[in-house]
Amino acid sequence: MRSSPSLSGTSVIQVTATDADDPSYGNSARLVYSILEGQPYFSVEPQTGIIRTALPNMDREAREEYLVVIQAKDMGGHMGGLSGTTKVTITLTDVNDNPPKFPQSVYQMSISEAADVGTIVGHVKAKDPDIGENGMVSYRSIDGDGRDFFEITTDSQTQEGVIKLKKVSKGIASEYVNRIVCLVACSLRTASGNID
């Protein structure tokens, strides 16, 4: 089942019970479904056994798995009817509903003015509570005077942004050589690092 945003009443699965009684004899074989466990998150249609969400915007990041117990009772659900139960485990799948966020808004890093091109200046890492492909973060520099001298790439293994020296010039102002300030901004699926 997909995670938020989802509407209340979304169909999840249908359960079906059978009854060996003769369906032509009164209500003996007429089954009615009810939910014994799993409320208030889910409901079941009494006549069809279709399990539906009962709450809107269920969020996988808050809770991923639910146990639902459904009862099927013959005699149309009336007193004296026999019943059986089944357990259904419902797992919410992820949707891309969370932007990546940096743990801090400003990073200060330093590098020697004698450093070579390609020298790693530092690392930044944004966190995304989504999972799988939805939680993959990439980084790019979107603004700042230092973009001519520094670049940020994504380490696919660690999901970190790696800041490297891109260009060396004798005319680089010391504020760029000795100090890098990364102002960070996040957008859905992409964490962007601004290098000033």
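1. Asp94 and Arg60 form a salt bridge in this predicted model, their closest N and O atoms lying 3.1 Å apart; the term stands here for a side-chain nitrogen of Lys or Arg within 4 Å of a carboxyl oxygen of Asp or Glu. Strands, like helices, are DSSP runs numbered from the N terminus (E, at least two residues, for strands; H or I, at least four residues, for helices).

2. Both Asp94 and Arg60 are buried, and the relative accessibility of Arg60 is 8%. Buried means under 20% relative accessible area, exposed means over 50%, and partly exposed is in between, with a 1.4 Å probe and protein chains only. Arg60 also forms a salt bridge with Glu61, where the closest N and O atoms are 2.8 Å apart, and Glu61 is partly exposed at a relative accessible area of 26%. Through shared partners, the salt bridges join Arg60, Glu61 and Asp94 into one network.

3. The structure holds 3 salt bridges, and one of them brings together the side chains of Glu45 and Arg52 at 2.6 Å, N to O. Glu45 is partly exposed, with a relative accessible area of 26%, and Arg52 is likewise partly exposed, with a value of 25%.

4. Some words on conventions are needed before the remaining points. Residues are numbered from 1 along each chain as its sequence is written, and side-chain values use heavy atoms, with hydrogens and water left out. Because the model is predicted, local features need pLDDT of at least 70 and side-chain atom pairs count only at pLDDT 80 or more, whereas totals for chains, interfaces and linings use all residues.

5. On the overall layout, the chain has 1 helix and 12 strands, and from the N terminus on its elements run β-β-β-β-β-β-β-β-β-β-α-β-β. Of the 196 residues in the chain, buried residues make up 38%.

6. Strand 5 and strand 6 run antiparallel and are joined by 9 bridges, and Lys73 stands opposite Ser83 in strand 6.

7. Glu64 lies in the loop between strand 4 and strand 5 and, at 38% relative accessibility, counts as partly exposed. Glu64 and Thr91 are 27 residues apart in sequence, yet their C-alpha atoms are 5.7 Å apart in space.

8. Another open sheet of 3 strands has the order 8-10-9, again with antiparallel pairing. Strand 8 (120-124) and strand 9 (150-155) stand at its edges, each with a single partner strand, so one side of each is left without a neighbour in the sheet. The twist averages 25 degrees from one strand to the next. Strand 8 pairs with strand 10 (residues 160-165) in the antiparallel sense over 4 bridges, and the bridge partner of Val124 in strand 10 is Gly161.

9. The largest pocket has a volume of about 160 Å³. On a 1 Å grid over the protein atoms alone, a pocket is an open set of points with protein on both sides within 12 Å along at least five of seven lines, whereas a cavity is a set of points where a 1.4 Å probe fits but cannot get out; lining residues have an atom within 4 Å of a point. Grid points are joined across faces, edges and corners, and a volume is the space filled by probe spheres set on the points.

10. The lining of this largest pocket consists of 16 residues, of which Ala17, Thr18, Ala72, Gly84 and Thr85 lie nearest its centre. Strand 5 and strand 6 each supply at least two residues of the lining, and the largest share, 4 residues, comes from strand 6. By class, the lining has 7 nonpolar, 6 polar and 3 charged residues, where Ala, Val, Leu, Ile, Met, Phe, Trp, Tyr, Cys and Pro count as nonpolar, Asp, Glu, Lys and Arg as charged, and the others, Gly among them, as polar.

Methods:
Two strands pair if DSSP finds at least two bridges between them. Axes are lines fitted to C-alpha atoms, for helices over the stretch in contact, and angles run from 0 to 180 degrees between N-to-C directions.
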